[in-house]
Amino acid sequence: MESTYSSVSGSIYSNLHKPAVIVAACFVLVALALSLFLIFQHLKYYTNPAEQKWVVAVLFMVPVYATESMVSLWNPKLSLACDILRNCYEAFALYSFGRYLIACLGGERQVIELLQDESRKLLQRPLLDHTSASPNKKGSRVWNFIFQPSVLGEDLLTIEKFGLVRYMIPKTVCAFLAVILELLDAYCDGEFKWYCGYPYMAVVLNFSQMWALFCLVQFYNATHERLKSIKPLAKFISFKAIVFATWWQGVGIALLCTVHVLPKEGKLQTGLQDFLICIEMAIAAVAHVFVFPVEPYRYVPIAESPKVTTEKTVAEIKLEEGDKEEQAVVEKTDTKLEVPGTSVTKSVQDIIVEGGHHVVKDVVLTINQAIEPVEKGVAKIQETIHQRSEESDEKDEQVEEVEAEERVELEGEGTKSETVVSIEERLVK
């Protein structure tokens with residue numbers, strides 16, 4: 001029965017594989033054409049590097065997802081490697097979207113001032129009646145982060161940044177760990193078995209992803225008034241739809257295969273996931289054209305005025321009038337307008353260098369924040385051990401002193417008794 005079932009699922013995959021590749025390739029071509037054109041436009045009109053470096057990183061998510069899904073669908077042997085690269089870039093894209101929101105608000109310093117002002121306004125709000133609780137009363141950081149994110153002030157930015165970075169780190173680590181487990185035949189992609197690594201990684205990554213997205217939502221709730229000019233809701237929906245669709249779609253397909261709603265065949269399972277992603281990336285590319293347009297950046301910033309250069313060309317010509325020849329000098333002036341920051345090469349260089357610098361800096365800060373409590377705990381344990389050892393040494397010294405005093409008293413009593421005996425002996429004599 002099982003062999004018949006597997007043969008049927010294998011025949012379904014072989015019959016649908018070629019048509020699926022052709023259809024997916026058409027959607028991938030559309031996705032690549034629209035997305036790469038939009039990215040090139042942002043690189044060409046690179047007038048706001050602080051924002052556009054992160055816009056390009058978010059937009060590049062579509063070509064990465066579409067290309068890797070197409071390669072995985074075409075050759076299932078490369079599905080695990082493609083899935084690892086896709087997961088790593090997903091974590092980086094989520095981080096880039098958070099940095100984009102911070103850049104739109106004017107940078108970290110401006111965001112800190114904004115959040116502190118919002119926190120002061122909220123905490124100093126007058127009471128509406130005498131029965132309501134005092135707004136000046138602060139709750140715990142966890143409570144405020146969930147229900148009143150604006151109250152946290154600067155801490156909200158720290159939690160949001162660390163939430164994104166702490167998703168990026170385990171996502172990358174789990175991706176490479178999946179390769180090791182796959183080589184050991186212990187990963188079992190898409191199988192919910194207790195001796196496989198897939199279900200445990202799914203739980204860890206799901207929690208990390210939900211927490212990172214929740215941090216973004218809370219940051220949006222506290223800053224959406226200032227972000228109205230960039231229409232943040234549409235950007236949130238378009239980006240989070242990609243992240244949620246790809247992740248939960250893969251988990252949902254795995255569950256359907258586990259309960260035998262879909263044929264439990266590895267190639268069919270990964271192939272269906274890749275095919276759906278190819279279609280979804282074409283839809284996402286169309287949405288990005290409207291959500292992340294290049295029109296707001298088609299201007300020259302006031303701080304970076306264009307550089308005007310003039311070039312004069314002098315030429316001598318001969319004029320003939322009958323038998324006479326006369327020489328004349330002609331001058332031509334060409335005016336060139338050079339707009340700074342619009343070179344595609346410089347744009348790419350800025351994205352790689354500056355963007356990489358921001359990523360490394362935030363990752364180092366997050367690791368230090370994670371190590372700091374451990375170091376404090378180890379130092380506290382060492383201090384406790386040292387204190388207890390000193391107490392035990394003091395007790396030993398006290399015991400030694402008591403024993404020494406007892407020996408002295410005993411020796412004193414011994415000498416007294418010896419003296420009494422010697423006196424008695426003399427009297428008898």
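The crossing of helix 4 and helix 9 is left-handed, meaning that the near helix is turned anticlockwise from the far one by less than a right angle (clockwise would be right-handed). This is a predicted model, in which local features need pLDDT of at least 70, side-chain atom pairs count only at pLDDT 80 or more, and totals for chains, interfaces and linings use all residues. Residues are numbered from 1 along each chain as its sequence is written, and side-chain values use heavy atoms, with hydrogens and water left out.

**Helix 4 against helix 9**

- The axes are lines fitted to C-alpha atoms, for helices over the stretch in contact, and angles run from 0 to 180 degrees between N-to-C directions.
- On the helix 4 side the contact (heavy atoms within 4.5 Å) is made by Glu90, Ala93, Leu94, Phe97, Tyr100 and Leu101, and helix 9 brings Lys235, Phe236, Phe239, Val243 and Thr246.
- Sorted by class, this contact of helix 4 with helix 9 holds 8 nonpolar, 1 polar and 2 charged residues.
- Here Ala, Val, Leu, Ile, Met, Phe, Trp, Tyr, Cys and Pro count as nonpolar, Asp, Glu, Lys and Arg as charged, and the others, Gly among them, as polar.

**Nonpolar cores**

- The largest nonpolar core has 66 residues, and Tyr100 and Leu101 have the most contacts inside it.
- Helix 4 gives the most to this core, with 11 residues.
- Such a core is a set of buried Ala, Val, Leu, Ile, Met, Phe, Trp, Tyr and Cys residues joined through side-chain atoms within 4.5 Å, where buried means under 20% relative accessible area, exposed over 50% and partly exposed in between (1.4 Å probe, protein chains only).
- What does Leu101 contact, leaving aside its neighbours within four places in sequence? The partners are Leu216, Phe219, Leu227, Ile230 and Phe236.
- Another core, of 15 residues, lies apart from it and includes Ile84, Leu181, Tyr187 and Met201.

**Helix 2 and helix 3**

- Helix 2 (residues 49-59) is mostly covered, with 9 of its 11 residues buried; among them are Trp54, Val55 and Val56, along with Glu51 and Lys53.
- The axes of helix 2 and helix 3 (residues 61-74) come within 4 Å and cross at roughly 20 degrees, which makes the two roughly parallel.
- Ala57, Val58 and Leu59 of helix 2 meet Met61, Val62 and Pro63 of helix 3.
- That contact has 6 nonpolar, no polar and no charged residues.

**Two positive phi values**

- Most residues other than glycine have a negative phi.
- Asp185, in the loop between helix 7 (154-183) and helix 8 (198-223), has a positive phi near 55 degrees, and is exposed at 67% relative accessible area.
- Lys231, in the loop between helix 8 and helix 9, has a positive phi of about 50 degrees, and also counts as exposed, at 63% relative accessibility.

**The whole chain**

- The protein chain has 11 helices and 2 strands, taken as DSSP runs numbered from the N terminus (helices H or I, at least four residues; strands E, at least two).
- From the N terminus on, the elements run α-α-α-α-α-α-α-α-α-α-β-β-α.
- Buried residues make up 36% of the 429 residues.
- Of the contacts between residues at least 6 apart in sequence, 74% join residues at least 24 apart.

Terms used: Angles under 35 degrees count as roughly parallel, over 145 as roughly antiparallel, 65 to 115 as roughly perpendicular and the rest as oblique.
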